[in-house]
Amino acid sequence: MSIKRHSIILILTLLSVLLPLVYLSLPVDANVLPQQPTASMPTVTGTPTGPMVMVLENGQEQFVNVRSGPGPFYPKIGVLLVGQKAPAIGKSAGGDYIIIRYEGVPGNNGWVYASYVTITGGGSALPIVEPPPTP
């Protein structure tokens, strides 16, 4: 290897070691401000208030069926798991079934058997709701 080429490699090696050391030794500007957000920020929505149903553990199943109407002859449209809560909207005439807010199904409502849930927040004041026609 020639002396000139050897000198260039040595200089490049020294620069690759010394430049990071010089950069790290520079003072940090403590007055740097964070960038302000330029997009809109989502807001936090509140939790539902009023009567709520919560699925009780009944020892057999870890869920309760949600039906399209108040009775076993109505089709199942989903389930609520033990401990899961949903807003209560009303009840059947006999009080055997509770209509709940159940997003993602037609009408966003479903019915649960009252014996499998507990109602908090004013369940006794739930209005009686006319059931849909039996399928």
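Author: Ile98 touches Val53, Ala88, Gly90, Lys91, Gly110, Trp111, Val112, Ala114, Val117, Ile119 and Leu126. That list leaves out residues up to four places away in sequence; contact means heavy atoms within 4.5 Å. This is a predicted model: local features need pLDDT of at least 70, side-chain atom pairs count only at pLDDT 80 or more, and totals for chains, interfaces and linings use all residues. Residues are numbered from 1 along each chain as its sequence is written, and side-chain values use heavy atoms, with hydrogens and water left out.

Ile98 also belongs to the largest nonpolar core, which has 14 residues. Such a core is a set of buried Ala, Val, Leu, Ile, Met, Phe, Trp, Tyr and Cys residues joined through side-chain atoms within 4.5 Å. Buried means under 20% relative accessible area (1.4 Å probe, protein chains only). Val53, Leu80, Ile98, Ile100 and Val112 touch the most other members. Strands S1 (52-55), S2, S4 (85-91) and S5 (97-101) each supply at least two residues of this core. Strands are DSSP runs (E, at least two residues), numbered from the N terminus.

Now the spaces. The largest pocket is lined by 13 residues. Val64, Asn65, Arg67, Tyr113 and Tyr116 lie nearest its centre. Strands S2 (63-67) and S6 (109-113) are the elements that give two or more residues to this lining. S2 brings the largest share, four residues. A pocket is an open set of points on a 1 Å grid over the protein atoms alone, where a 1.4 Å probe fits, with protein on both sides within 12 Å along at least five of seven lines; lining residues have an atom within 4 Å of a point.

Definitions and conventions: Buried < 20%, exposed > 50% of the residue type's maximum accessible area, 1.4 Å probe, protein only.
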